[in-house]
Amino acid sequence: MIDLPREILTVICTHNNPETLLEELSKKIGTGFNGDFCLVLADKKSLDSLASGFWHASGSSFHLNVEFLSDPIIQDLWMVDRVVAIAELADSSNWSIPVKAILGVRTEFQGQANGLILLGLAQSHQWTDQEADLLKEIRDQLAIAFTLVTKKVIEPIPNPTVLSQGNINSVIPLVKRLYDLTRRQLEEERKLNEMKDEIIAII
């Protein structure tokens, strides 16, 4: 069976294109869960500022729109800090693809919601505790990826071979490097904003 957390770390640590990272991650998650589709949304809830990645088992496309983002399920996912599992969706009128079962969770970075992971099936499905636990296990990795994409900070790891050695502990330093890289950029932005505030106060 695929080691999904390690596979996701491999993608994050070796990918160098923020424009396609989310699409690659959605494919990895969708196939890892044997889903019919996977949608990942990064950072913002408004249509204009969203970064997204979508994968469908049959190659179908998905179009984000205001109706979808306003769907009660999507709104619920942004609001709650838990996995949302729906075995049989009552109303899918806001979805542009066939969907019956939904498994989703929001991601957080530094205490702020910064994205969603959404898995779907075209048929009804009773989600298991193992599936929910796996989604919770990978959401911290996706939170890092979402921040890297929205901040346009992508730095591939020069030696990704360590990720194939089977010991997940060996990749912790790589994840820490990605986290530290993002944290430094956020700190620089904070200082820049403080300088702007000082200039405004003087004016």
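In the protein chain, residues 24 or more positions apart account for 61% of the contacts with a separation of 6 or more, a contact being a case of heavy atoms within 4.5 Å. The model is a predicted one, in which local features need pLDDT of at least 70 and side-chain atom pairs count only at pLDDT 80 or more, while totals for chains, interfaces and linings use all residues. Residues are numbered from 1 along each chain as its sequence is written, and side-chain values use heavy atoms, with hydrogens and water left out.

The protein chain holds six helices and five strands, taken as DSSP runs numbered from the N terminus, with helices (H or I) of at least four residues and strands (E) of at least two. Read from the N terminus on, the order of these elements is α-α-β-β-α-α-β-β-β-α-α. Of the 203 residues of the protein chain, 45% count as buried, where buried means under 20% relative accessible area, exposed means over 50%, and partly exposed lies in between (1.4 Å probe, protein chains only). The chain exposes about 10900 Å², of which carbon and sulfur atoms supply 49%; the areas come from the Shrake-Rupley method with a 1.4 Å probe, and for residues only the protein chains shown count as cover.

G32 is found in helix α2 (residues 18-32), and with 13% relative accessibility it counts as buried. If residues up to four places away in sequence are not counted, G32 touches I2 and L4. The C-alpha atoms of G32 and I2 are separated by 6.8 Å, although these residues are 30 residues apart along the chain.

The aromatic rings come next. Rings of Phe, Tyr and Trp (its six-membered ring) pair if their centres lie within 6.5 Å, and planes under 30 degrees apart count as stacked, over 60 as edge-to-face and the rest as tilted. By this rule the count comes to five aromatic pairs. One of them joins F37 and F54, whose ring centres are 6.0 Å apart with the planes at 35°, so the pair is tilted. This pair links distant parts of the chain, since F37 lies in strand β1 (residues 37-42) and F54 in strand β2 (residues 51-56), 17 residues apart. F37 and F54 are both buried.

F62 and F68 form an edge-to-face pair, at 5.0 Å centre to centre and with 80° between the planes. F62 counts as buried at 13% relative accessibility, and F68 is buried with a relative accessible area of 0%. Ring pairs link F37, F54, F62, F68 and W95 into a cluster.
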